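Please look over the sequence and the model below before reading on. The briefing that follows is arranged by topic for use alongside them.

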Amino acid sequence: MSNRTFTMIKPDAVRNGHIGNILQMINAAGFRIIAMKYLKISKQQAEKFYEVHSERPFYGELTEFMSSGPIVAAILEKDNAVADFRTLIGATNPAQAEEGTIRKKYATSLGENAVHGSDSDENAAIEGNFFFSGLERF
Ligand code: GDP
């Protein structure tokens, strides 16, 4: 069981004014913020971050979208963090997400789905290291 995961509030949710509401849901669900920053990534950085998806048909659209505006990146801590955060955010496609999940409330489409959540302990560590140094974690 892991105790850390990595998240991003994606450009659609930032543009739509949902940063505060999403952070509120994250805190209310019992996650502690270990690291956080507000930044815009380049297309090249998005391509590197999503390299595992490079063969998928939506890779171009995804990396274009993720570099289209600022995001909030964060490392979160809680018992069973990866699985519990995936439950909190809901299914990839908001049309299939459970009521009360972040994606059900704030995502607009399958591609523009408001938040990222790591899918494994290994990826949580890799993704957190992509954005944060040791000095930026508390
Ligand atoms: P996640 O783990 O729930 O984020 O889903 P995946 O790992 O399958 O996909 C990564 C991200 O790619 C998703 O969160 C979406 O933003 C995006 N994505 C997935 N499927 C599609 C698609 O069919 N079209 C587009 N444009 N984006 C997609």
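This is a predicted model: local features need pLDDT of at least 70, side-chain atom pairs count only at pLDDT 80 or more; totals for chains, interfaces and linings use all residues.

Residues are numbered from 1 along each chain as its sequence is written, and side-chain values use heavy atoms, with hydrogens and water left out. An open sheet of four strands, in the order 2-3-1-4 with antiparallel pairing, is described first.

**The sheet**

- Helices (H or I, at least four residues) and strands (E, at least two) are DSSP runs numbered from the N terminus, and two strands pair if DSSP finds at least two bridges between them.
- Strand 2 (32-39) and strand 4 (115-117) stand at the edges of the sheet, and because each has a single partner strand, one side of each is left without a neighbour in the sheet.
- On average, and with direction ignored, neighbouring strands of this sheet are turned by 15° against each other; axes here are lines fitted to C-alpha atoms, for helices over the stretch in contact, and angles run from 0 to 180 degrees between N-to-C directions.
- Strand 2 and strand 3 run antiparallel and are joined by seven bridges; among the paired residues, Met36 has Ala74 of strand 3 as its bridge partner, and Ala35 has Ile75 of strand 3.
- Strand 1 and strand 3 also pair in the antiparallel sense, over six bridges, with Ile9 standing opposite Val72 in strand 3.
- Strands of a sheet pair through backbone hydrogen bonds, either parallel or antiparallel.
- Seven of the seven residues of strand 3 are buried (under 20% relative accessible area, where over 50% is exposed and in between is partly exposed, with a 1.4 Å probe and protein chains only), so strand 3 is largely enclosed by the rest of the structure.
- From strand 3, Ile71, Ala73, Ile75 and Glu77 point one way, whereas Val72, Ala74 and Leu76 point the other way, and all are buried.
- Helix 7 (residues 121-131) lies across strand 1 (4-9), strand 2, strand 3 and strand 4, and runs at about 55° to strand 1.

**The nonpolar cores**

- A nonpolar core is a set of buried Ala, Val, Leu, Ile, Met, Phe, Trp, Tyr and Cys residues joined through side-chain atoms within 4.5 Å.
- The largest nonpolar core has 20 residues, of which Ile9, Ile22, Ile26, Phe31, Phe85, Leu88 and Ile102 touch the most other members.
- Helix 1 (11-15), helix 2 (19-28), strand 3 (71-77), helix 5 (81-89) and helix 6 (102-106) each supply at least two residues of this core.
- A second, separate core of 17 residues includes Ala46, Tyr50, Phe65 and Met66.
- Leaving aside residues up to four places away in sequence, Phe85 touches Thr5, Thr7, Ile26, Phe31, Leu76, His116 and Gly117, contact meaning heavy atoms within 4.5 Å.

**The largest pocket**

- About 780 Å³ of space lies in the largest pocket, a volume being the space filled by probe spheres set on grid points that are joined across faces, edges and corners.
- On a 1 Å grid over the protein atoms alone, a pocket is an open set of points where a 1.4 Å probe fits, with protein on both sides within 12 Å along at least five of seven lines, and lining residues have an atom within 4 Å of a point.
- Of the 26 residues that line the largest pocket, Tyr50, His53, Phe58, Leu62 and His116 are the closest to its centre.
- Helix 3 (43-49), helix 4 (59-66), strand 4 and helix 7 each supply at least two residues of the lining, and helix 7 gives the most, with four residues.

**Single residues**

- Asn80, found in the loop between strand 3 and helix 5, has a phi near 55°, a positive value in a residue other than glycine, and counts as partly exposed at 27% relative accessibility.
- Ala114, in the loop between helix 6 and strand 4, likewise has a positive phi, near 70°, but counts as buried at 0% relative accessibility.
- Most residues other than glycine have a negative phi.
- Not counting residues up to four places away in sequence, Arg137 touches Ile34, Ala35, Ile75, Gly128, Asn129 and Phe132.
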